[in-house]
Amino acid sequence: MVSAIKAATGDLVLTFLWVFFSSMLGLATDVITKALEIHHVSYNGFHYADAVVITSLIFILVTIFTFIADALGGASFNPTGNASLYAAGVGDDTLFSMALRFPAQVLGSVGGVLAVMEYMPEKYRHFIAGPSLKVSLHTGALAEGVLTFVITFLVLLIMIRGPHSGTAKTLLLAISTVVLITVGASYTGPAMNPAFAFGWAYFEKWHDKWDHFYVYWICPFVGSILAAWLFRIVFPPPPPVEKQKKA
């Protein structure tokens with residue numbers, strides 16, 4: 001009980017910080033590319049300078065937040081991450097602990113969105129926006145589910161079966177994230193994180209609509225759990241070691 005409450009508290013703090021700072025990645029990318037005078041650099045319409053800068057920023061942000069998460073006792077800012085680890089048979093979460101952690105992550109996300117929109121000057125607010133449905137309902141739901149499936153499988157693969165170097169793991173996570181965000185940008189944003197999506201939906205006053213829960217909660221959870229099950233099939237956990245009985 002106590003450990004679950006501590007985990008939920010850590011999640012609330014971490015999610016608040018993650019939403020607050022990650023929401024400013026677009027603004028930071030624009031500032032850096034303009035300062036370096038590379039904002040017009042592109043190839044066949046693809047602004048690869050922006051991609052390199054935002055990948056670098058995500059790498060730095062994930063590195064910092066890994067230390068913060070460890071300091072908070074293994075905190076998390078993504079409900080589907082907790083669910084996938086549970087489904088894959090990895091980690092210490094239980095159904096009870098997740099029942100406490102998910103609402104805490106949602107509260108942290110709402111707080112992060114409200115804080116960044118409160119303190120961000122008006123002239124920069126157009127750089128900050130959360131996920132939004134840009135296609136038909138079912139197409140968006142399918143896209144968010146597939147994207148969450150892919151990112152979940154990649155995260156499990158990188159973190160559990162990937163390189164031993166923490167730096168290499170973080171770089172691969174950053175690249176994977178940017179690629180999937182780019183792919184899903186014209187569909188759902190994307191979020192690939194129900195708590196993150198809820199914070200912005202609350203700010204936009206559509207957090208209580210069926211469309212939001214269908215696209216940004218139900219389908220991502222289905223996608224993440226399916227990815228965890230597939231990972232467990234492809235990379236089954238080692239059989240438990242039986243203790244030898246004393247003679």
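Contact, as used in these legends, means heavy atoms within 4.5 Å. The views show a predicted model, in which local features need pLDDT of at least 70, side-chain atom pairs count only at pLDDT 80 or more, and totals for chains, interfaces and linings use all residues. Residues are numbered from 1 along each chain as its sequence is written, and side-chain values use heavy atoms, with hydrogens and water left out.

**View 1**
Asn82 belongs to helix α4 (residues 79-87); helices (H or I, at least four residues) are DSSP runs, numbered from the N terminus. With a relative accessible area of 4%, Asn82 is buried; buried means under 20% relative accessible area, exposed over 50%, and partly exposed in between, with a 1.4 Å probe and protein chains only. Apart from neighbours within four places in sequence, Asn82 is in contact with Ser76, Asp93, Met98, Arg101, Phe102 and Gln105. The side chains of Asn82 and Gln105 are joined by a polar contact of 3.0 Å. A polar contact is a pair of N or O atoms within 3.5 Å; within protein, one must be able to donate a hydrogen and the other to accept it, and residues adjacent in sequence count only if both atoms are side-chain atoms.

**View 2. Helix α4 and its packing partners.**
The buried residues in α4 are Pro79, Thr80, Asn82, Ala83, Ser84 and Ala87. These buried residues pack against α5, α6, α8 (194-203) and α9 (210-234). Gly89 follows α4 and has a positive phi, near 75°.

**View 3. Salt bridges around Arg101.**
A salt bridge is a side-chain nitrogen of Lys or Arg within 4 Å of a carboxyl oxygen of Asp or Glu, and the structure holds four salt bridges. One of them pairs Asp11 with Arg101, with the closest N and O atoms 2.5 Å apart. This pair links distant parts of the chain, as Asp11 is in helix α1 (residues 2-22) and Arg101 in helix α5 (residues 95-119), 90 residues apart. Arg101 also forms a salt bridge with Asp93, where the closest N and O atoms are 3.1 Å apart. Asp11 and Arg101 are both buried, and Asp93 is buried as well.

**View 4. The salt bridge of Arg125 and Glu122.**
Arg125 and Glu122 form a salt bridge whose closest N and O atoms are 3.7 Å apart. Arg125 counts as partly exposed because its relative accessibility is 27%. Glu122 has a relative accessible area of 60% and is therefore exposed.

**View 5. Packing of helices α6 and α7.**
Helix α6 (residues 137-161) packs with helix α7 (residues 166-184) at an angle of about 170°, and their axes are 10 Å apart. Axes are lines fitted to C-alpha atoms, for helices over the stretch in contact, and angles run from 0 to 180 degrees between N-to-C directions. The angle makes α6 roughly antiparallel to α7, a term for angles over 145 degrees. Among the residues that meet are Leu147, Val150, Ile151 and Leu154 in α6, and Leu172, Leu173, Ser176 and Thr177 in α7. The residues of this contact divide into 11 nonpolar, three polar and one charged. Ala, Val, Leu, Ile, Met, Phe, Trp, Tyr, Cys and Pro count as nonpolar, Asp, Glu, Lys and Arg as charged, and the others, Gly among them, as polar.

**View 6. Thr152 within helix α6.**
Thr152 is in helix α6 and, at 6% relative accessibility, counts as buried. A polar atom of the Thr152 side chain lies 2.6 Å from the backbone oxygen of Thr148. Neighbours within four places in sequence aside, Thr152 is in contact with Ser84, Ser224 and Ala227.

**View 7. Helix α8 and its covering.**
Helix α8 is largely enclosed by the rest of the structure, because eight of its 10 residues are buried. The buried residues are Pro194, Ala195, Phe196, Ala197, Phe198, Gly199, Trp200 and Ala201, and what covers them includes α1, α4, α5 and α9. At the start of α8, the backbone nitrogen of Ala195 has a side-chain oxygen of Asn193 within 3.0 Å. Lys205, with a positive phi near 65°, follows α8.

Definitions and conventions: Helices (H or I, at least four residues) and strands (E, at least two) are DSSP runs, numbered from the N terminus. Angles under 35 degrees count as roughly parallel, over 145 as roughly antiparallel, 65 to 115 as roughly perpendicular and the rest as oblique.
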